[in-house]
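Try each task before you read its solution.

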Amino acid sequence: MAQASVTDWRWTYLRCFGLAVLLLLAAGLQHLFQPVMPDWDVAADMLLVDQLREQGYQLTGHYSQYRFHHPGPFFVYLNWLAETLFLPFLPGRYHAWLLGSLLFNSACIALTALLLAPAGSRRGALLIAGGLVLLGQNLAVGVWMPERLLFPYAALLACLVVVGQGRLRWLPAAVVLVSICIHGYASMPLFTLPPLALALWSGWRRGGFMGGGGGNAMIVAGVLAALFASPLFIDALLGEPGNLQRALAAREVIAALPSAGWSAALEYVLAYWVFQ
């Protein structure tokens with residue numbers, strides 16, 4: 001993205017966001033009104049939103065079958081917010097979650113398109129946004145956790161590209177996206193923290209820490225990282241044992257399970273993408 005004015009890139013972002021929302025609504029509008037009986041992961045996550053409403057806060061995330069929760073409550077709060085805003089207009093809680101997921105993914109798609117557009121081209125950004133929607137439209141309107149992480153992770157990679165070019169003003173956005181991915185799934189630190197470190201190293205090599213608000217960006221990024229990490233540590237202090245301890249204990253159980261291998265995993269992912 002070129003060094004356009006703040007107003008220009010904000011308008012480009014809003015246009016990409018609007019395009020993504022319209023295309024995803026066109027593709028998935030029927031899902032917002034179909035009768036649904038929530039089960040499995042969705043039903044379990046509804047219990048977490050119920051818990052949030054009852055106690056007024058939530059420190060852990062999505063359930064794991066290995067008797068711990070994934071690290072953070074971002075998506076629990078997102079579901080709660082979607083219910084609060086949209087439930088009066090939709091058939092049920094699941095449908096409100098779908099709309100919330102659609103809007104959140106549209107925001108991630110718009111950010112990805114904005115950052116990857118050649119020379120800050122508005123038309124290029126819109127084309128990228130439309131292409132991302134066409135590639136992942138069936139995954140963007142869903143509430144299963146692996147699906148929900150796809151577009152935040154794509155936006156994260158786009159942020160890391162520009163951070164690696166020395167444009168440290170995008171570091172806070174990258175840290176927020178890293179944190180969201182980690183909140184969603186306990187394995188995501190493996191796929192987010194090393195690329196973040198690499199982008200920071202590349203940005204430092206290119207002088208991104210010198211001037212241009214690089215120092216301020218580092219401070220803001222640190223504050224945001226602490227904010228997103230705080231539920232995990234608060235739970236560790238309050239819980240007996242805390243979720244962090246249960247997650248670490250589950251590593252031994254998970255490590256003993258048979259592994260499918262990289263080729264089988266890739267085959268599954270590609271087949272899932274095609275048939276979705």
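**Exercise 1. Find which residues Ile 109 touches, leaving out those up to four places away in sequence.**

Start with the contacts: Ile 109 touches Ala 20, Leu 24, Ala 129, Leu 132, Val 133 and Phe 151, where contact means heavy atoms within 4.5 Å. Next, look at the largest nonpolar core, which has 66 residues; Ile 109 is there with Phe 75 and Trp 170 as the members that touch the most others. Such a core is a set of buried Ala, Val, Leu, Ile, Met, Phe, Trp, Tyr and Cys residues joined through side-chain atoms within 4.5 Å. Helix H4 gives this core its largest share, 14 residues.

Before going on, a word on the ground rules. This is a predicted model, so local features need pLDDT of at least 70 and side-chain atom pairs count only at pLDDT 80 or more, while totals for chains, interfaces and linings use all residues. Residues are numbered from 1 along each chain as its sequence is written, and side-chain values use heavy atoms, with hydrogens and water left out.

**Exercise 2. Describe the chain as a whole: what are its elements, and what percentage of its residues count as buried?**

First, the elements: there are 12 helices and 0 strands, taken from DSSP runs (H or I, at least four residues, for helices; E, at least two, for strands) numbered from the N terminus. Then burial: 42% of the 276 residues count as buried, with buried meaning under 20% relative accessible area, exposed over 50% and partly exposed in between (1.4 Å probe, protein chains only). Last, contacts: among those with a separation of 6 or more, 70% join residues 24 or more positions apart.

**Exercise 3. Work out how H2 packs against H3 and against H4.**

Take H3 (residues 74-86) to begin with: its axis and that of H2 are 9 Å apart, at an angle of about 80°. Axes here are lines fitted to C-alpha atoms, for helices over the stretch in contact, and angles run from 0 to 180 degrees between N-to-C directions. H2 and H3 are therefore roughly perpendicular, the label for 65 to 115 degrees. On the H2 side you'll find Leu 48, Val 49, Leu 52 and Arg 53; on the H3 side, Val 76, Tyr 77, Asn 79, Trp 80, Glu 83 and Thr 84.

Now H4 (residues 93-116): the axes of H2 (residues 40-55) and H4 come within 11 Å and cross at roughly 90°. That makes H2 and H4 roughly perpendicular too. Val 42, Asp 45, Met 46, Val 49 and Asp 50 of H2 meet Arg 93, Tyr 94 and Trp 97 of H4.

How values were computed: Angles under 35 degrees count as roughly parallel, over 145 as roughly antiparallel, 65 to 115 as roughly perpendicular and the rest as oblique.
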